[in-house]
Amino acid sequence: MEADFKPRRKGSVKKILVLATVCLLAAAGGVFAAVAPGLAGSSLASEASSAVRSAPGLAAPVVAPVNADSTPTNGAKQVNPAAPVTLTVGNGTIERVTLTSTSGEGVEGSIDPAGTGWAATGALKFNTDYSYTYVVKDGAGRETSITHAFSTVSSSHEADAAIYPLDGMKVGVGQPLQVIFSEPVLNRAAVEKAITITSSAGQVGAFHWYSDTMVRYRAENFWTANSTVSMDMKLFGVDLGNGQIANFNKKMSINIGDKKVAVADATAHTFTLSVNDQPVKTLPVSMGDKRFPSARGFGVLMEKKRYDHFRAASIGLKPGDPAYYGEEDVEYTIRLTLSGAYLHQALDSAFPYIGNTNVSHGCIGFLPDGAAWVFENMGTGDVVQIINTEGDYAANDDGYGDWNIPWAEYDN
């Protein structure tokens with residue numbers, strides 16, 4: 001029996017064609033979004049093919065990518081270890097950050113409450129390579145990990161310093177504060193700004209640069225007796241110039257003792273010590289002869305030695321010179337200049353001249369009892385003023401000749 005066949009209407013044929021198209025798309029594994037006639041070119045249609053959706057098969061707004069700004073930049077070299085290490089992001093949040101050296105030592109840091117900024121709170125080290133990894137999340141919740149690397153200032157550009165007096169040391173009223181840098185300082189103003197010096201007596205002082213590596217600090221007048229001078233040195237990361245970076249911070253407290261100022265008179269051949277402006281002792285001495293007159297002006301006592309060994313060669317004397325004395329063991333020595341002027345017990349051969357004739361090579365010589373008394377009662381930072389001598393001033397950096405510089409010249 002043959003099947004009964006009836007022709008279909010034209011509208012039915014169109015529906016069949018549309019269904020067939022849908023089936024073909026599904027068979028091809030595509031994603032279909034129903035689009036009303038006339039919207040095929042709209043933004044909604046284009047977002048149907050976007051990779052970012054709130055649910056499979058449903059269109060959603062495009063999520064902007066996270067942008068991040070990190071400091072130091074990736075691959076940076078010679079980074080100042082005092083420079084900030086930071087990360088700032090837009091269009092997202094910071095999930096976590098890890099900053100470690102190649103040796104595995106971590107550096108602490110913190111994310112701000114908004115989750116868009118991070119900053120290191122721990123200190124970096126010199127001559128170290130660091131790995132800087134951060135994970136950020138975009139508006140769709142997707143995480144991205146990024147790793148940067150940088151290295152800090154190398155050892156060849158790291159500068160330190162020797163500081164005197166030492167922390168906790170007790171010195172006399174004439175002791176300047178001294179800093180000697182391992183590298184030349186071009187940015188002097190930056191160094192001075194990084195050092196804060198205060199006196200318990202309220203004294204205000206000034207810096208004086210003797211060279212590119214040495215600076216000293218003193219008040220206009222001697223330090224106040226029995227006061228305290230404090231130094232707060234925030235020099236870590238300070239650029240000294242020419243790529244040299246200071247590598248330390250340090251706080252120091254220096255104790256000032258009684259005011260001890262002695263006057264050594266080359267004509268009267270006397271040495272008179274005053275303590276807190278009251279004369280307490282006058283001793284006979286012999287000072288520098290006509291060939292080696294004692295240097296005039298103020299000097300500040302330096303190191304003390306109960307026993308010392310003097311060599312004539314150290315002051316340029318050679319055998320055959322009338323002033324040559326070879327080598328001698330000497331007692332109760334207190335250095336006055338770097339070039340070799342001392343307070344000390346005179347040699348036995350000079351005893352007859354103590355108190356009446358100058359026969360030394362520029363030193364101040366005492367009889368044994370006098371030398372022992374001065375050694376016990378004077379020390380580092382105490383002052384000796386030499387008067388009535390034919391000698392010139394010693395170089396201001398030949399020991400501590402700071403008090404021979406007028407204040408108007410020192411404070412410049």
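**Figure 1. Strand S24 contributes four residues to the lining of the largest pocket, the most of any element.** The model shown is predicted. The pocket holds about 930 Å³ of space. Its lining comprises 47 residues, and those nearest the pocket centre are Gly340, Ala341, His361, Gly362 and Cys363. Two or more lining residues come from each of strand S23 (297-300), strand S24 (304-311), strand S25 (327-335) and strand S26 (342-345). By class, the lining of this pocket consists of 23 nonpolar, 18 polar and six charged residues.

**Figure 2. Overview of the predicted model.** The protein contains five helices and 28 strands. Of its 412 residues, 39% are classed as buried. Among contacts with a separation of 6 or more, 63% link residues 24 or more positions apart. The accessible surface amounts to about 22,200 Å², and carbon and sulfur atoms account for 53% of that area.

**Figure 3. The largest cavity and its lining.** Rolling a probe the size of a water molecule over the atoms shows where empty space is left. The count gives one cavity of 30 Å³ or more, and the volume of the largest cavity is about 30 Å³. Leu177, Val179, Ile197, Phe207, Val215, Arg216, Tyr217 and Met231 form its lining. Strand S12 (177-181) and strand S15 (214-219) are the elements that each supply two or more of the lining residues. The largest share, three residues, is provided by S15. The lining of the largest cavity includes seven nonpolar residues, no polar residues and one charged residue.

Figure 4. The side chain of Thr380 comes to 3.0 Å from the backbone oxygen of Met302. Leaving aside residues up to four places away in sequence, Thr380 is in contact with Tyr164, Met169, Val171, Gly172, Gln175, Leu301 and Met302.

**Figure 5. Leu99 within strand S4.** Strand S4 spans residues 93-101 and includes Leu99. Leu99 has a relative accessible area of 1% and is therefore buried. The C-alpha atoms of Leu99 and Tyr132 are 4.6 Å apart, although the two residues are separated by 33 residues in sequence. Beyond the residues up to four places away in sequence, Leu99 touches Val85, Glu105, Gly106, Val107, Trp118, Ala120, Leu124, Tyr130, Ser131, Tyr132 and Phe150.

Figure 6. Most residues other than glycine have a negative phi, and most peptide bonds are trans. Pro72 belongs to the loop between strand S1 (67-71) and strand S2 (76-79). Pro165 lies in the loop between strand S10 (161-164) and strand S11 (170-171).

**Figure 7. Positive phi values at Asn127 and Tyr332.** Asn127, which is not a glycine, has a positive phi of about 50°. This residue, Asn127, occupies the loop between strand S6 (117-120) and strand S7 (129-137). With a relative accessibility of 48%, Asn127 is classed as partly exposed. Tyr332, also a residue other than glycine, has a positive phi near 55°. Tyr332 is part of strand S25, and its relative accessible area of 15% classes Tyr332 as buried.

Note on methods
Residues numbered from 1 in each chain as written. Predicted model: local features only at pLDDT ≥ 70, side-chain atom pairs only at ≥ 80, totals over all residues. Heavy atoms only, no water. 1 Å grid on protein atoms, 1.4 Å probe; cavity = no way out; pocket = protein on both sides within 12 Å on 5 of 7 lines; lining within 4 Å. Points joined across faces, edges and corners; volume = space filled by probe spheres on them. Nonpolar A, V, L, I, M, F, W, Y, C, P; charged D, E, K, R; others polar. Polar contact = N/O pair within 3.5 Å; in protein donor to acceptor, adjacent residues only side chain to side chain. Contact = heavy atoms within 4.5 Å. Buried < 20%, exposed > 50% of the residue type's maximum accessible area, 1.4 Å probe, protein only. Areas by Shrake-Rupley, 256 points an atom, 1.4 Å probe, with all protein chains shown as cover.
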